[in-house]
Amino acid sequence: MNRSSLIQSQQWLISILAIIVLFFDTTCISAVQAKILPRLSVKRPPFLGEPAKFSEPVSEDLQTFYYNQTLDHFNYRPESYTTFEQRYVMNFKYWGGASASAPIFVYLGAEADLDSDMSVVGFLKDNAHRFKARQVYIEHRYYRKSIPFGLTQEEALENANIRGYFSSAQAIADYAEVVIYMKKKLFAENSLVFGASYGGMLASWFRLKYPHVTLGALASSAPILYFEDITPQNGYYSVVTKDFRKASESCYKTIRESWSEIDRVAAEPNGLSVLSKKFKTCNQLNNSDELKDYLSFIYAGAAQYNDPPLYPVTMV
């Protein structure tokens, strides 16, 4: 890279990597019960009668492509060289071209299909015009249209031999292949990767493992230290509790007192039926923990995404 290109790269590079570590107050008593360290999940089954959420229409400027991706990047068994189609989507609208040292903004897909991600991710398109960037969105392996062997996600995850290739290490290796391919195809020197939450973790690790592929990574709300023996077990729910308490002391107290009230009602004759009817559960409750676990999920989601659920919880 010559001096001129380096100067141009520095001008459009927003950030290499910013990591903010939150230290939780472990003495806080959570309004939401902290039984286990929350984990990233592939998907959650429906429980309450919550209206379905549909993806918003994506931009007409987006075009879909498929990359012939390697199944196993780290071993040399015959099946390792199997390939599958990995979906990626590009937006050419603001692309300034390689001659202008225009960058490629790459969004690293997380634990969802690419369609749902693109309907809510606005940072890339909001900044692409300023930097004359081409936008590339890559779907995480084992989601929607990027599942090996032409299987459904359920089929792939039920097969132990195939499930083993579903890992974050394989995912960021996928992204490295696609980015390298795109840079060669477009004669582009500069790329910057983006991710949020789990995708932010991937972006951080991508920059650490493949620093030659991208100039930097922007990781939003990335819980990179979110592992057992590192993060306090009740740390996540302590933050959720503080969020609710800051918004409303009354709400905080109501939630805190609701756990014992749910157990009290559940212990009565036909108590579980009463709770099932009151909360309009899809199926009959088997125990009070099923309801409390789901309410914990609802409260945590409202705090984490600043997005109260469509299903009302005012009856708590």
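**Pairs and bridges in a predicted model**

Trainee: Where does Thr70 lie?
Mentor: This is a predicted model, in which local features need pLDDT of at least 70, side-chain atom pairs count only at pLDDT 80 or more, and totals for chains, interfaces and linings use all residues. Residues are numbered from 1 along each chain as its sequence is written, and side-chain values use heavy atoms, with hydrogens and water left out. Helices (H or I, at least four residues) and strands (E, at least two) are DSSP runs numbered from the N terminus. Thr70 lies in strand S1.

Trainee: Is Thr70 buried or exposed?
Mentor: Buried means under 20% relative accessible area, exposed over 50%, and partly exposed in between (1.4 Å probe, protein chains only). Thr70 has 19% relative accessibility, so Thr70 counts as buried.

Trainee: Which rings pair with a stacked geometry, Phe65 and Tyr88 included, and at what plane angle?
Mentor: The structure holds 16 aromatic pairs. Rings of Phe, Tyr and Trp (its six-membered ring) pair if their centres lie within 6.5 Å; planes under 30 degrees apart count as stacked, over 60 as edge-to-face and the rest as tilted. Phe65 and Tyr88 have ring centres 5.6 Å apart, and the pair is stacked because the planes are at 20°.

Trainee: How many residues apart are Phe65 and Tyr88?
Mentor: Phe65 is in strand S1 (residues 62-70). Tyr88 is in strand S2 (residues 83-91). The pair links distant parts of the chain, 23 residues apart.

Trainee: Which charged end sits over the ring of Phe65?
Mentor: A charge sits over a ring if NZ of Lys or CZ of Arg is within 6 Å of the ring centre and within 35 degrees of the ring normal. Here the charged end is 5.9 Å from the centre of the Phe65 ring. The residue is Lys185.

Trainee: Is Arg87 buried or exposed?
Mentor: Arg87 forms a salt bridge with Asp115, the closest N and O atoms being 3.3 Å apart. A salt bridge is a side-chain nitrogen of Lys or Arg within 4 Å of a carboxyl oxygen of Asp or Glu. At 3% relative accessibility, Arg87 counts as buried.

Trainee: Which residues does the salt-bridge network join?
Mentor: The side chains of Asp115 and Arg144 meet in a salt bridge of 2.9 Å, N to O. Asp115 is in helix H2, and Arg144 is in the loop between strand S4 (134-138) and helix H4 (153-158). Salt bridges that share partners build one network of Arg87, Asp113, Asp115, Glu139 and Arg144.
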